[in-house]
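Please work through the exercises below with the sequence and the model side by side, and try each task before reading its solution.

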Amino acid sequence: MASRDKVGCPAATLPLDRLLATLAANAEQLGKRWEIAVRDRRARAAERRMEADTAPPVQLHTPLFYATCALGGVLSTGLTHLAVTPLDLVKCNMQVDPSKYRDISSGFGVLLQEQGLGGFFKGWMATLVGYSSQGACKFGFYEYFKKCYSDIAGPENADRLKTVIYLAASASAEVIADLALCPMEAVKVRIQTQPGFARCLTDGLPKLVRSEGAFGLYKGIVPLWGRQIPYTMMKFACFETIVEMVYKHAVPKPKDQCSKPLQLAVSFAGGYIAGVLCAAVSHPADNLVSFLNNAKGATVADVSCKSYPSK
């Protein structure tokens with residue numbers, strides 16, 4: 001009996017050429033679709049870049065401008081102080097107990113031995129909240145007061161008195177900024193220099209208010225002003241002057257024609273140099289702030305007696 005394949009249904013032959021042609025056509029269609037998708041995505045990205053380049057910049061001296069300056073202050077001040085919390089912790093303990101914390105290296109060793117690695121970030125929350133608030137007020141109000149004092153001086157005198165305006169605006173802004181910083185600084189110093197005082201800001205702030213009252217949070221405001229106002233005056237005045245000199249003598253084209261990376265590099269260099277100069281100005285008052293916020297009931301007179309005992 002003959003097989004079904006041989007008699008009833010002859011074996012079908014595979015149309016290989018048609019299959020290959022179909023696969024090639026499908027591949028070609030997929031390639032075209034992919035090319036269109038990539039081209040559309042690049043076109044949309046180019047449109048977004050064009051919109052960003054042609055978008056109107058933030059108008060000077062508007063609420064949005066001051067809010068942007070305040071946000072810049074939060075990011076530049078709060079985050080940088082948070083990053084150097086371990087150094088700040090050793091510094092405060094060296095100022096309060098120099099016999100135990102003799103220098104930076106031994107201070108880190110003592111902290112590591114007594115409190116472990118977790119001890120290096122004690123007071124981080126008070127640092128972040130305090131210096132973020134201070135940075136927002138400092139940068140926002142600096143631009144506000146700079147505009148106010150320039151208007152008072154008038155267009156004829158504003159350029160001639162620009163350094164005086166920088167100094168006055170920065171001092172005015174720092175007075176307000178320190179009112180936001182002082183309570184957090186008081187809690188931070190207690191947490192960092194008094195073991196067992198509190199774990200963090202949330203329990204340290206109520207404890208300090210219960211023990212010394214609300215005015216205890218501002219016990220160090222005068223020496224804080226003595227530390228921060230000269231610091232900020234030096235920082236902004238030096239920064240503005242250095243940046244202006246760089247664009248005048250080192251950069252061959254005006255600022256508005258420079259690329260964003262170049263502008264950022266100039267601002268970074270100006271801020272770095274200004275920071276070195278103003279740190280030296282504020283150091284003596286920084287010792288006073290740490291002492292007052294560490295010792296319960298201490299006053300500026302106590303510091304004077306400690307520094308200059310009667311003979």
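Two exercises follow, each with a worked solution.

This is a predicted model, in which local features need pLDDT of at least 70, side-chain atom pairs count only at pLDDT 80 or more, and totals for chains, interfaces and linings use all residues. Residues are numbered from 1 along each chain as its sequence is written, and side-chain values use heavy atoms, with hydrogens and water left out.

**Exercise 1.** Determine how the axes of helix α8 and helix α9 cross, and which residues meet.

*Solution.* Begin with the helices, which are DSSP runs of H or I with at least four residues, numbered from the N terminus. The axes of α8 (residues 162-193) and α9 (residues 201-212) come within 10 Å and cross at roughly 100°; such axes are lines fitted to C-alpha atoms over the stretch in contact, with angles running from 0 to 180 degrees between N-to-C directions. The two helices are therefore roughly perpendicular, a label that covers 65 to 115 degrees. Next, list the contacts (heavy atoms within 4.5 Å): M184, A186, V187, R190 and I191 of α8 meet L201, G204, L205, L208 and E212 of α9.

**Exercise 2.** Decide whether L179 is buried, partly exposed or exposed, and find its contacts.

*Solution.* L179 belongs to helix α8. Because its relative accessibility is 39%, L179 counts as partly exposed, the class between buried (under 20%) and exposed (over 50%), using a 1.4 Å probe and protein chains only. Leaving out residues up to four places away in sequence, L179 touches Y218, I221 and W225. Finally, L179 and L217 are 38 residues apart in sequence, and their C-alpha atoms are 10.0 Å apart in space.

How values were computed: Angles under 35 degrees count as roughly parallel, over 145 as roughly antiparallel, 65 to 115 as roughly perpendicular and the rest as oblique.
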